[in-house]
Amino acid sequence: MSSFDAPEWLRHSDSYSPGADADRFISKSIRAFLRVLSGLERRPEPKGRTPQPALFLTADFILLLLISLTQSRGFLFLAATIELVIISAQRPAAIAESLKAGAVAAVFTVVIFLPSAFWGAFSDWGSFLRVPFKVFLCAAAAALVPATLDWPRISLGLSSLHIPDIFILVLDLSVKYIYLLGQLALEMLYALRLRSVGRNSGKTATLGAVAGSLFLKSREASVETYEAMECRGFSGSYHSRRHWRPAAMDFAASAFIIGIIAAYIFFRGRS
Amino acid sequence: MIELEDISVSYTGLPALTQISLSIQSGEYLALIGSNGSGKSTLLKLVNGLVFPDSGSWKLDGIEISAARLKDQRFAKSFHKRIGFLFQNSDAQLFCGTVYDEIAFGPRQMGLDDAEVDSRVQDLLALLGIKALEGRAPYHLSGGEKRKVALAAVLALNPDILALDEPMNGLDPRTKRFLREFLLSLRESGKTVICATHDFEYIDGVFEKAAVFSADHRIVRSGPYAGIIADRAFLESQNIV
């Protein structure tokens, strides 16, 4: 056989009929990676629809803090009303993401609290439901940040809030490599699916090999990033961009922050 | 063999292919030519059942291929057996512990006995000149070696159609010449080859047909490869040379 003489089996089509095999784990893993990647790929909201990231994060944090601290039912219902109005003004996907996060956290809390409720730890159903209700509001408010802001804006917001730049750099690099390694993992799963043409008796070993390759790639990427940073004169400090161009939504967010603090003080000590 | 009709594909709302119609006959060698991001790789992914059209339809031997049809595991497996895909990034395609296992992965799944699997692996190691790599880990190979191992792993399934995504990208001239000669020799095996490429210098005489993608993800010209490559003004207007 000369170096390029194709072997006999390659010159003819195989007569092949695949047997049944349960390998839906590949499709499920692909769907899971696609969800993560599309979340990271989210395009930013059009300008003017959200306030400055720093104000957004501050308003969200203050709302979370006050909901957690309050003992007043009146304030809780006021905060819930305002929060639901804000959520309902978002894109349908962001509304769904935010409410889903809140609902999952609330259900989880109810399940955890149920045994103590049966042992009579709560005087009435109202006090029993208060904690899951607060958890719902907090989780929905927290989920509103990633559902509305893309990562560069969150990073910008953290920078404006004087979070240490080195911390933001680590977060930036983490998000970047979650995305890049996620893409590589997705491609590997695609490759696995394309070559899974029959019965695979070693599914766990195959998935382990995919995970191992990803680990090696991530190690290689971390070394390369470190070397690239050294070559560009990285000395341990990192400065990110900060912009401040006030717009209508910024004034609305500022008014919200002042208003919600005022409402908290007003309702303090009342039921 | 392959019929694409008015296919449009988008990713998160951004168009990747726009109203593509294309017909590929059995045994044909088709080059997909276009600037970066014009949709060549997306077309190859579509043909491999990795992405699905927003509108339009495509058929393989008269059978419409859709997400719903590929949910049928038996159909999906025989479909993937018929079409081999060489990824642009070979790292993504190699996941076994040794080169031997990598090439044997497909034939083992097909239920071939050990002797037959070994025969296929040895044939491909010899054909691609990578016999010395047999026991090595794919991860430690050079770019050209990884590409050859990935090609061997794809060929081990003996697909009827080969989809190659920029197979010569990042390879040294000798490996590019090797791949050119290899593709020419494969023609005798009656395979259909669809190849996205930029390396015109190294694929001269390999392809009989070409389809040219524009920056707005449409096929702006298709026909004999030689005629298209000779039209330098047209290629310049499409940002290809």
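What pattern does chain A follow, read along the sequence? Read that way, chain A runs α-α-α-α-α-α-α-α-α.

This is a predicted model, where local features need pLDDT of at least 70, side-chain atom pairs count only at pLDDT 80 or more, and totals for chains, interfaces and linings use all residues. Residues are numbered from 1 along each chain as its sequence is written, while chains are lettered from A and ligands numbered from 1 in the order in which they are written.

**View 1. The helices of chain A.** Helices (H or I, at least four residues) and strands (E, at least two) are DSSP runs, numbered from the N terminus.

**View 2. The outline of chain A.** Its C-alpha atoms fill a box of roughly 90 × 55 × 30 Å along the principal axes. The radius of gyration of chain A is 26 Å, whereas a compact globule of 271 residues would have one near 18 Å. That radius is taken over C-alpha atoms, and the globule rule is 2.2 Å times the number of residues to the power 0.38.

**View 3. Contacts within chain A.** Two residues are in contact if their C-beta atoms, placed from the backbone, lie within 7 Å. Of the contacts with a separation of 6 or more, 84% join residues 24 or more positions apart.

**View 4. Where chain A touches chain B.** Chain A brings 36 residues to the contact and chain B brings 41 residues. On the chain A side, helix H7 (165-195) and helix H8 (203-231) each supply at least two residues. The largest share of that side, 8 residues, belongs to H7(A).
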